[in-house]
Amino acid sequence: MKFTGQSALVTGASRGLGRALSEQLARAGARVVAVARAREELDAVVAGIRERGGEAHALSYDIGDKQAIYPLAGAAAALVGPIDLLVHNASSLGPTPLRLLLDTECEDFSAVLETNLLGPFRLSRVLGGSMALRKRGCIVHITSDASVNAYPTWGAYSVSKAALDHLTRLWAAELGERDVRVLSVDPGEMATRMHADALPDADPNTLADPQAVAGQILGLLSDPRIQNGARVEAQTWRAA
Amino acid sequence: MNAPLSSDVSPRLAPARSRRSGFQTERLLVIDPQGGRFADHRIAELPRFLRRQDLLVLNDAATLPASLWAEPALELRLMAEEDDGSFWAVSFGAGDWRLPTEARGTPRALRSGEFLRFSAALGATIVERDTREPRWVRLRFSLTGASLYQALYAAGKPIQYAYLERPLALWDVQNGYAARPVAFELPSAGRPLTFTTLFELERRGVTLARVTHAAGISSTGSASLDARLPLPERYDIGSDASAELARTRSAGGRVIAAGTSVVRALEGAVAAHGVPQAGTNVTDLLLSARTRPRVVDGLLTGLHDADTTHFALMEAFAPRALLLRALAHAARAGYVQHEFGDSCLVLAGALGP
């Protein structure tokens with residue numbers, strides 16, 4: 001199997017794309033650490049993976065909490081060894097309904113950056129050192145088309161994803177020589193709870209299935225045509 | 001800190017009292033046993049003393065939160081893990097981290113079969129007591145897997161040192177490249193190594209390799225217990241490190257260990273198997289002036305007073321008289337010692353002909 005012998009850590013793993021990625025990574029042979037705040041939903045995801053013969057472990061942490069990062073990194077490595085694939089999928093929209101910048105509380109803006117930008121930086125910083133030393137590893141930032149388009153009311157989320165895209169390029173510039181691959185992946189619009197929170201009037205039937213998008217993402221991770229540091233649209237990617 | 005061995009014979013080094021923030025500015029005392037010389041440098045200059053084909057071996061063990069409190073006057077410090085997942089621990093009585101271990105109160109006796117609770121989620125059963133030392137017990141946690149580690153990281157704290165100004169947080173005791181949490185105290189030789197330095201070493205043709213060594217605890221507060229340290233320690237040498245060691249040997253490079261735990265792993269493997277072969281093993285090897293290292297040529301390490309087991313290990317790499325002169329100089333020159341202190345490199349030929 002494609003990910004046999006690899007260890008993976010996925011944040012935001014209790015539902016949506018994170019759940020689909022965790023399930024498919026485990027099916028492809030990876031030892032998966034699934035991370036999310038919601039304990040019960042997360043336990044159900046891990047139980048499902050194990051029933052199907054995969055290896056997964058549930059760690060309940062809030063990626064936006066600075067105090068959570070070292071415990072999370074330590075517990076994850078205790079369970080599956082040094083992490084080979086790190087998927088930063090967890091993210092926060094901030095308060096919904098989404099609102100104009102002029103109506104946004106500074107504290108809410110700040111909280112979104114903690115979860116969507118600083119949390120991924122902190123966790124990559126802790127896990128990336130081992131990747132650099134081992135000359136092996138891949139870090140994925142799940143981004144959004146809001147990172148390149150200025151949609152009104154998407155303020156903090158949009159800014160956090162734009163910064164995340166650039167963080168991708170910087171990590172790749174610093175770690176590329178050490179065979180650590182860092183990508184931004186835009187999953188496109190999916191039928192998830194987050195999408196419904198942001199755009200409650202959207203018709204779910206017009207949106208992609210997160211399972212299908214997760215399959216695309218696992219495929220593109222090993223595509224040598226994609227340059228280190230790139231921003232990739234998962235739904236339009238096609239295997240060579 | 002390191003267990004004292006005998007009476008003092010050299011000026012004492014002052015301890016580093018805090019985790020320091022001076023990026024790349026910590027001091028490096030370079031000791032060259034070949035020339036019988038030593039010289040003052042900064043840690044950022046380390047790449048100058050290594051050369052193409054050399055191999056720098058790091059211990060990539062992360063540090064566990066190995067200090068657990070069961071009662072207001074009962075602390076347990078984890079110090080070794082058994083194959084079956086149980087842990088050996090040593091108990092401490094009244095007093096907090098500001099009190100040196102030797103000044104802590106005598107802990108109450110623990111019974112085999114007794115259940116200790118460290119938090120709402122985490123407890124442990126005492127499954128064995130050491131025959132000689134009532135403070136040494138083997139315990140089995142009430143949880144396993146992800147639940148165990150999540151609860152252990154919530155309830156445990158890093159083992160503390162009384163000489164520091166502030167208590168240590170978990171991030172204070174991790175090296176930047178650490179991964180699997182199997183060390184009970186920080187493998188501190190790697191702490192001053194920034195990625196700036198590590199990547200510069202690579203640019204100069206030095207290879208980096210890693211072993212994972214479950215560094216144990218340094219001090220129990222009891223002379224009779226300390227005399228049994230270090231305990232046998234588990235180490236893992238990957239196939240990549242094993243291959244790099246062989247390649248370095250055949251290319252005429254030198255092997256430099258970042259820390260005594262790396263020396264123990266590599267020399268322990270050689271003592272057991274003849275070569276530093278890949279695999280997971282336990283070593284009880286003790287190095288001293290009577291030992292000739294067979295695979296490690298040089299040592300990057302911290303500074304510790306002459307009456308410590310750490311100093312005794314350094315004597316495997318340089319004559320005692322030279323080390324004592326270097327240490328006396330370091331004390332006069334204001335070097336600081338212990339886990340967050342300055343560094344030294346003991347390497348034959350480091351200072352040239």
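The structure is a predicted model, in which local features require pLDDT of at least 70 and side-chain atom pairs count only at pLDDT 80 or more, whereas totals for chains, interfaces and linings use all residues. Residues are numbered from 1 along each chain as its sequence is written, and chains are lettered from A and ligands numbered from 1 in the order in which they are written.

Chain A contains 7 helices and 7 strands, taken as DSSP runs numbered from the N terminus (helices: H or I, at least four residues; strands: E, at least two). Along the sequence these elements follow the pattern β-α-β-α-β-α-β-α-β-α-β-α-α-β. The C-alpha trace of chain A spans about 50 × 40 × 40 Å along its principal axes. Of the 240 residues, 53% count as buried (20 or more other C-beta atoms within 10 Å of the residue's own; exposed, 12 or fewer; partly exposed, in between; C-beta atoms placed from the backbone).

The 7 strands of chain A form an open sheet with parallel pairing, in the order β3-β2-β1-β4-β5-β6-β7, where two strands pair if DSSP finds at least two bridges between them. Strands β3 and β7 of chain A form the edges, each pairing on one side only. The twist from one strand to the next averages 20 degrees; axes are lines fitted to C-alpha atoms, for helices over the stretch in contact, and angles run from 0 to 180 degrees between N-to-C directions. β6(A) and β7(A) are joined in the parallel sense over 3 bridges, and A:D186 has A:E233 in β7(A) as its bridge partner.

Helix α1(A) lies across β1, β2, β3, β4 and β5 of chain A and runs at about 165 degrees to β1(A). In α7(A), residues 210-220, the buried residues are A:P210, A:V213, A:A214, A:Q216, A:I217 and A:L220. These residues fall within an arc of 160 degrees seen down the axis of α7(A), so they line one face of the helix; the arc is that of the directions from the helix axis to the C-beta atoms. The buried residues of α7(A) pack against α1, β6 and β7 of chain A, contact being defined by C-beta atoms, placed from the backbone, that lie within 7 Å.

The contact between the chains takes 17 residues from chain A and 20 residues from chain B. On the side of chain A that touches chain B, β3, α3 and α4 of chain A each give two or more residues, and α3(A) gives the most, with 7 residues. The residues of this side comprise 11 nonpolar, 6 polar and no charged (Ala, Val, Leu, Ile, Met, Phe, Trp, Tyr, Cys and Pro count as nonpolar, Asp, Glu, Lys and Arg as charged, and the others, Gly among them, as polar).

Most residues other than glycine have a negative phi, and most peptide bonds are trans. The peptide bond from A:T96 to A:P97 is cis, with omega near -5 degrees, and A:P97 lies in the loop between β4 and α4 of chain A. A:T153, in the loop between β5 and α5 of chain A, has a positive phi near 80 degrees and is partly exposed, with 15 other C-beta atoms within 10 Å.

Terms used
Two residues are in contact if their C-beta atoms, placed from the backbone, lie within 7 Å.
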